[in-house]
Amino acid sequence: MITLDADGAPHITPLGYRMIGDEVLLAPFIASQTLANLRRSPHAVLNFTDDVRILAGCLTGRRDWPTRPALRGPVPRLAEALAHWELAVLAVVEDAERPQFRCAIVARAVHGEFTGFSRAQSAVLEAAILVSRLDRLAPAKVARELGYLRSAIDKTAGPREQVAWAWLLAAVQAHPRHRAHAGGAR
């Protein structure tokens, strides 16, 4: 997802969404930059991509991805997006942990064909979820799951998946709670 920072720069971050009828529900965490951005500028762009480097990159501090102007709104889209939806906030439901933003889809476009995720892409997505929860998951669980996912990387990863996997492993190895357990996921 992309929102606009206070200086107008695109803020690219992974964020799940839910559909409620024709509306998109976004629920960023209370201390997130995405939340601050949505409060300041009630527009966002959901990007759909099969380039797992973008998700892994955002989780590991690599947020500078090429963008292009959107069709209607002020927020750009990812240049490599297979599709995108431009959103305008309709209402906010406050919450102590995750305020909910009800959004209308004001424009959508398809830029390429989605052919599904390979085993390696799926493994990177699962590893990214683990990395996003390193503060809450036990080191042994993370190491065990990364070890299992490693098989898909070894057998089916292309260059993009290998890069994304390496970024995620480096994040695990750099995390104080997980450093000692990360060796098995090499």
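User: Quick one first. What counts as a helix or a strand here?
Analyst: Helices and strands are DSSP runs, numbered from the N terminus. A helix needs at least four residues, labelled H or I. A strand needs at least two, labelled E. Keep in mind that this is a predicted model.

User: How many helices and strands are in the chain?
Analyst: The chain has five helices and nine strands.

User: In what order do the elements run from the N terminus?
Analyst: The order is β-β-β-β-α-β-α-β-β-β-β-α-α-α.

User: What radius of gyration does the chain have, and what would a compact globule have?
Analyst: The chain has 17 Å. A compact globule with 186 residues would have a radius of gyration near 16 Å, so the two agree. Along its principal axes, the C-alpha trace spans about 45 × 40 × 35 Å.

User: What share of the residues is buried?
Analyst: Buried residues make up 42% of the 186.

User: What about charges? How far apart are the mean positions of the positive and negative ones?
Analyst: They are 5 Å apart, for 23 positive and 18 negative charges.

User: Let's switch to helix α5. How does its span compare with what it should be?
Analyst: Helix α5 covers residues 159-174, which is 16 residues. At 1.5 Å a residue it should span 22 Å. The end C-alpha atoms are 23 Å apart, which agrees.

User: Which residues of α5 are buried?
Analyst: Glu161, Ala164, Trp165, Trp167, Leu168, Leu169 and Val172 are buried.

User: What do they pack against?
Analyst: The buried residues of α5 pack against α2 (52-59), α3 (119-132) and α4 (139-156).

User: Now α2. What covers its buried residues?
Analyst: The cover includes β2, β7 (77-78), α3 and α5. The buried residues of α2 are Val52, Ile54, Ala56, Gly57 and Cys58. Just after α2, Gly61 takes a positive phi of about 85°.

User: You mentioned Cys58. Which residues does Thr13 touch?
Analyst: Thr13 touches Met1, Thr34, Cys58 and Arg63, not counting residues up to four places away in sequence.

User: Where does Thr13 lie? Is Thr13 buried or exposed?
Analyst: Thr13 lies in the loop between β2 (10-12) and β3 (17-20). Thr13 is buried because its relative accessible area is 12%, and buried means under 20%.

User: How far is Thr13 from Thr34?
Analyst: Their C-alpha atoms are separated by 7.8 Å, though the two are 21 residues apart along the chain.

User: What about Leu35, buried or exposed?
Analyst: Leu35 is buried, with a relative accessible area of 4%. Leu35 lies in helix α1 (residues 33-40). Leaving aside neighbours within four places in sequence, Leu35 is in contact with Pro28, Phe29, Ile30, Pro99 and Phe101.

User: Last residue. Where is Arg98?
Analyst: Arg98 is in the loop between β8 (83-93) and β9 (100-110). Arg98 is partly exposed, with a relative accessible area of 31%.

User: Which residues is Arg98 in contact with?
Analyst: Leaving aside neighbours within four places in sequence, the contacts of Arg98 are Leu15, Ala27, Pro28 and Phe29. Pro28 and Phe29 are also among the contacts of Leu35.

User: What share of contacts joins residues at least 24 apart?
Analyst: The share is 66%, among contacts between residues at least 6 apart in sequence.

Conventions. Residues are numbered from 1 along each chain as its sequence is written. This is a predicted model: local features need pLDDT of at least 70, side-chain atom pairs count only at pLDDT 80 or more; totals for chains, interfaces and linings use all residues. Side-chain values use heavy atoms; hydrogens and water are left out. The expected span of a helix is 1.5 Å times one less than its number of residues. Buried means under 20% relative accessible area, exposed over 50%, partly exposed in between (1.4 Å probe, protein chains only). Contact means heavy atoms within 4.5 Å. The radius of gyration is taken over C-alpha atoms; the globule rule is 2.2 Å times the number of residues to the power 0.38. Lys and Arg count as positive and Asp and Glu as negative; His and the chain ends are not counted. The place of a charge is taken as NZ of Lys, CZ of Arg, CG of Asp or CD of Glu.
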